Amino acid sequence: MEMLSTNRKAKIIKAKTSLFLPDNFSRPEISYRPIEDVDTELLSAITKRFFVNARVIEAWQLNGTEVNSNNYQISLEQDSEKRKILLRRFKSLRDSKQIEFYLRLIKYFGDRPVKVSHVIPDKEGGLYVEYGGFKYAAFDFIDGQHFVPNEVSFSAVASAIAALHATFNSLDENSVAYIDKLSVLTGNYFNKYKHYSSEDFYAI
C-alpha cells in the first residue's frame, strides 16, 4: 500500500508540472505591440471601408497569442469623436460563406444575453471587406484580460457558460450541423481536445 501511495504522489507531482505548462495565455494581461508606419497606412485604408471621415490615430497588434486570426486594436477619430475598434484579419476561416456565417452567428449571440463584441458593418452594409487578398471584419473594442482563477471569475464564467449554452441550444439544426462541419474543416486548435486522466483532475 505504501508503494501505491508513493506512485500516486509521483503521478500527481508529474501532472502538476506537465499539465499546465506556461503558454501564450499564462499572463493575465492581454498585451499589444505598436505597429510600424507602413502597417498603419494599410490599416487606415481598410478602416476607411468601414467608416466615413475616419482617421487612424494609433494602432497596435495583439502580441503573441494569435492562432486563427490577426487582431488589431485601432484608435480612431471620426467627426471629432474618438473610439476604439478591433479589426480582425481572418486566417483559419478563408471562405466567404464561412466568414459570413461566423459573423452572423456573432450578431445572433449579441442579440441575446451573451457578451460579445458588436459587429460593425462596412459602409455598404456588408459584414466584412476584402483587401490585399485578406478578409477583414471590424468590432467594437472591449477591454479585458485572460482568465485569473478566483471566486469572482468562476462566478462570471459560470453565468457566461450558462448563457452560451442557452444560446447554442436555440440554434436551428442546420446551423449546428454547419458549426460541426467548420470545426472539422478548419482544424481550429480549440477543437483538438487533450485526453485527461483522473490523476490530472486530482492534481487540479
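This is a predicted model: local features need pLDDT of at least 70, side-chain atom pairs count only at pLDDT 80 or more; totals for chains, interfaces and linings use all residues.
**Notebook: caps, hairpin and cores**

I started at helix α3, where D95 caps the N-terminal end: one of its side-chain oxygens sits 2.8 Å from the backbone nitrogen of K97. I count a polar contact as a pair of N or O atoms within 3.5 Å; within protein, one must be able to donate a hydrogen and the other to accept it, and residues adjacent in sequence count only if both atoms are side-chain atoms. Helices (H or I, at least four residues) and strands (E, at least two) are DSSP runs, numbered from the N terminus.

Residues are numbered from 1 along each chain as its sequence is written, and side-chain values use heavy atoms, with hydrogens and water left out.

**Helix α3**

I checked the length of α3 (residues 96-110). Its 15 residues should span 21 Å at 1.5 Å a residue, and the end C-alpha atoms are 21 Å apart, so the two agree. The expected span is 1.5 Å times one less than the number of residues. Then I listed its buried residues: Q98, I99, F101, L103, L105, I106 and F109. Buried means under 20% relative accessible area, exposed over 50%, and partly exposed in between (1.4 Å probe, protein chains only).

**Whole chain**

I read off six helices and seven strands, in the order α-β-α-β-β-β-α-β-β-β-α-α-α. Of the 204 residues, 33% count as buried. I also looked at contacts (heavy atoms within 4.5 Å). Among those between residues at least 6 apart in sequence, 63% join residues at least 24 apart.

β3 (69-78) and β4 (81-90) pair in the antiparallel sense over 10 bridges; I call two strands paired if DSSP finds at least two bridges between them. They form a hairpin with two residues between them. D79 counts as exposed because its relative accessibility is 56%, and S80 counts as exposed at 70%.

Next I followed L87. Y72 stands opposite L87 in β4, and L87 in turn stands opposite A138 in β7. Strand β7 (residues 134-140) runs antiparallel to β4, joined to it by five bridges.

**Cores**

A nonpolar core here is a set of buried Ala, Val, Leu, Ile, Met, Phe, Trp, Tyr and Cys residues joined through side-chain atoms within 4.5 Å. The largest one has 17 residues, and L43, F50, F51, I74, I85 and L87 touch the most other members. The elements giving two or more residues to this core are α2 (37-47), β2 (54-62), β3, β4 and β7. Apart from it I found another core, of 12 residues, including L103, L127, A137 and F141. Leaving out residues up to four places away in sequence, F50 touches L87, I120, P121, D122, K123, V129, Y136, A137 and A138.

**Last stop: D172**

I found D172 in the loop between α4 (151-169) and α5 (173-186). A polar atom of the D172 side chain lies 3.0 Å from the backbone nitrogen of N174. D172 counts as partly exposed because its relative accessibility is 42%.
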